[in-house]
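Colleague: Could you take a close look at one part of this model for me, the pairing and packing? Please spell out the cut-offs as you go.

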Amino acid sequence: MKLFDFNKYFPDETACRKVFKEMRDREGVTCQHCGSHDVVWLESKQQYQCKHCRHRTTLRSGTVMHGSKLPFMYWFIAMHLLTATKKSISAAELQRQLGHKRYQPIWEMMHKLRSVMGKRDDKYTLKGNIELDEGFFSTETPDAQKQEKLKAGAGSQKNIFRLIQPFNRL
Ligand SMILES: [Zn+2]
């Protein structure tokens, strides 16, 4: 994907957030409390709510963005740079480009993106699209038990969400 296209499809935080939510909706949301897939989106809260136990899930929860306070746009920009360029970009360089004050959160973001992408290098051959796969949605919780519970209750965790190409539809 070219920089101009990236800017066109992801001009601001709202656009990034919207695309991310569409991707998550397509993947399916699993209640982390009871494992149900039956959720409703609460627009006013910007959260999903389980229809069974009413447990709420944020848009980022259970994805690679879990726990991050960085804007969605940072993640998309980082993803773009990691997939669209042949050369690697350092966290320090990205921090400079973004004009972000702190190094640590940028480093963590890059580290997480690299770790979910690392195993899937073969899928990241760019042919004009950003290709985001299930790595973007995989849970990064250190709690192994919780992971198991999630897997057991969630078909979505096993789904191969291989390529999401949101702009193909545009
Ligand atoms: Zn639930």
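**Pairing and packing**

Modeller: Three strands build an open sheet in the order 1-2-3, and their pairing is antiparallel. (Strands are DSSP runs of E with at least two residues, helices runs of H or I with at least four, numbered from the N terminus; two strands pair if DSSP finds at least two bridges between them.) The edges are strand 1 (39–42) and strand 3 (56–58), each pairing on one side only. From one strand to the next, the twist averages 30 degrees, using axes fitted to C-alpha atoms, for helices over the stretch in contact, and angles from 0 to 180 degrees between N-to-C directions.

Bear in mind that the model is predicted: local features need pLDDT of at least 70, side-chain atom pairs count only at 80 or more, and totals for chains, interfaces and linings use all residues. Numbering runs from 1 along each chain as its sequence is written.

Back to the sheet: strand 1 and strand 2 (residues 47–50) run antiparallel and are joined by four bridges. Val 40, for one, has Gln 49 in strand 2 as its bridge partner.

Now the helices. Helix 2 (residues 13–27) and helix 3 (residues 72–84) have axes that come within 8 Å and cross at roughly 75 degrees. So helix 2 is roughly perpendicular to helix 3 (that label covers 65 to 115 degrees; under 35 is roughly parallel, over 145 roughly antiparallel, the rest oblique). At the crossing, Glu 13, Cys 16, Arg 17 and Phe 20 of helix 2 meet Phe 72, Met 73 and Phe 76 of helix 3, a contact being C-beta atoms, placed from the backbone, within 7 Å. Elsewhere, leaving out residues up to four places away in sequence, Leu 113 touches Val 64, Ala 78, Met 79 and Leu 82.

Note on methods. Two residues are in contact if their C-beta atoms, placed from the backbone, lie within 7 Å.
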